[in-house]
Amino acid sequence: MDIDPPTPTHARVGRSGTIIGPVPRDENFNEVCSQRQQLLDRLHQIIQRAVPRAFWAVLIFSDIEMLEKFICECEKSTFLLDFCMHACAAIPLLWAQKPPRPPSSESSSATTSSPTPANRRQKIINLALERDGKSCLFRKTQFVDVAHIYPHYLLADRRTNFSTTLPPFWGMLEYFWPPEKVKRWHDKIFTNPTDPSRQVDSVFNTMCISPDIHRMWSTGICAFRPLDYNSDKTTIEVEWHWQPARTVEDRVAVNTVPASSRNMEQVTTPNGLLSELFLRYGDSVRFVKTGDKFTFSTTDPETMPLPSKELLEMAFILTRIVNLSGAVDPTDLVRWDSLDGDAPETHIPRWLASISGEESEKDSDGSSDVDSNGDNEGESDITSGYPSLARIRERVQVVDPTEMEQALSSTNV
């Protein structure tokens, strides 16, 4: 499966006369191609006002042919336009939602022979750790999280009251990406032959990555673009992409041109916070930049399959939408999926506060996590757990994992 559509022998003329050819590879670097810009200029003439950032972000990374169909419908009637503008907020918010907390003591004490969800999840984690050598796929260090590609929160299918009022997640995707592409993503998650509506987790939905990379990925600071498997699916190349810091505006013109991610080596926010990643090679140090390729491998593609190319493709698109929409603040939201050790949401906010000089309150965003039994803890609020798109996103400085451990120890958490 190719991320970029095959190059046709000639460009196709759209229903409205727009020339629709292959999606240029430059769009992988957030560089809007001329076809997309023409379409967005047309839509701007229809709307003639600023739009929510999430709506704009979805259109920037949508399929061009689906975008043209959407604009053609808007030219006929703007009846559903406002609805779509606000409904698009569901996509980045649901993708970046917090996962449930680790299983309670009752479920974790079950015998290994009992077929409980906790035991199944632990088996997946153990296989992922074995496949990746208990080390970060990028850093090759031993301090890792087992992170989900398709978020565990969505897999759990236990939603807050707020999320149930949003348009269906998969239904919204079908508005902006072609059915065959959405089906490829969908079929990697809905694999139960006896219950096609049930989402199923697997080792191919996991990656072992260090906590700092996990945080950056979860908050849209970086994204990972899958390239190709080798012939026997024992290796896959993955490309690192930094994502430019978003500007402070919460509404933008729909034809606004996003910043390019090409050749980026670090991300600096308007308030000066820095994110960067360096790798050591003997005595030398090299900073990771957009376009750098990493090879993931497995010794057993049947029992321990590689991270799914389809799910990585989905995440590459949606993670960039999370970033461009400003849907999440790194100090509010961390997608921690590992069951190794204590749940870090009780530790990391204080550590972040210690390096930023700000006080931190537990659950300061007022979120109501879902426990392993699917029950909300405390009062449920319609908007709890969803950072407002009006909030300005602050970047967190990325440090070496050893420094992270020392910082945690020094705060006596």
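Begin by selecting Arg-36, which lies in helix 1 (residues 34-47); helices here are DSSP runs of H or I with at least four residues, numbered from the N terminus. The model is a predicted one, in which local features need pLDDT of at least 70 and side-chain atom pairs count only at pLDDT 80 or more, while totals for chains, interfaces and linings use all residues. Residues are numbered from 1 along each chain as its sequence is written, and side-chain values use heavy atoms, with hydrogens and water left out.

Is Arg-36 buried or exposed? Arg-36 is buried, with a relative accessible area of 2%; buried means under 20% relative accessible area, exposed over 50%, and partly exposed in between (1.4 Å probe, protein chains only).

Next, display Ile-60: the side chain of Arg-36 reaches the backbone oxygen of this residue at 3.2 Å. Leaving aside neighbours within four places in sequence, the residues in contact with Arg-36 (heavy atoms within 4.5 Å) include Glu-27, Leu-59, Phe-61 and Leu-67.

Now select helix 2, residues 53-61. Nine of its nine residues are buried, so helix 2 is largely enclosed by the rest of the structure. Ile-60 is among these buried residues, as is Phe-55.

Move to Phe-55. Beyond its neighbours within four places in sequence, Phe-55 is in contact with residues including Leu-43, Phe-70, Met-85 and Val-254. Phe-55 is also one of the residues with the most contacts inside the largest nonpolar core, which has 90 residues. Helix 13 (residues 309-325) gives the most to this core, with nine residues. A nonpolar core is a set of buried Ala, Val, Leu, Ile, Met, Phe, Trp, Tyr and Cys residues joined through side-chain atoms within 4.5 Å.

Note on methods: Helix = DSSP H or I, 4+ residues; strand = E, 2+ residues; numbered from the N terminus. Polar contact = N/O pair within 3.5 Å; in protein donor to acceptor, adjacent residues only side chain to side chain.
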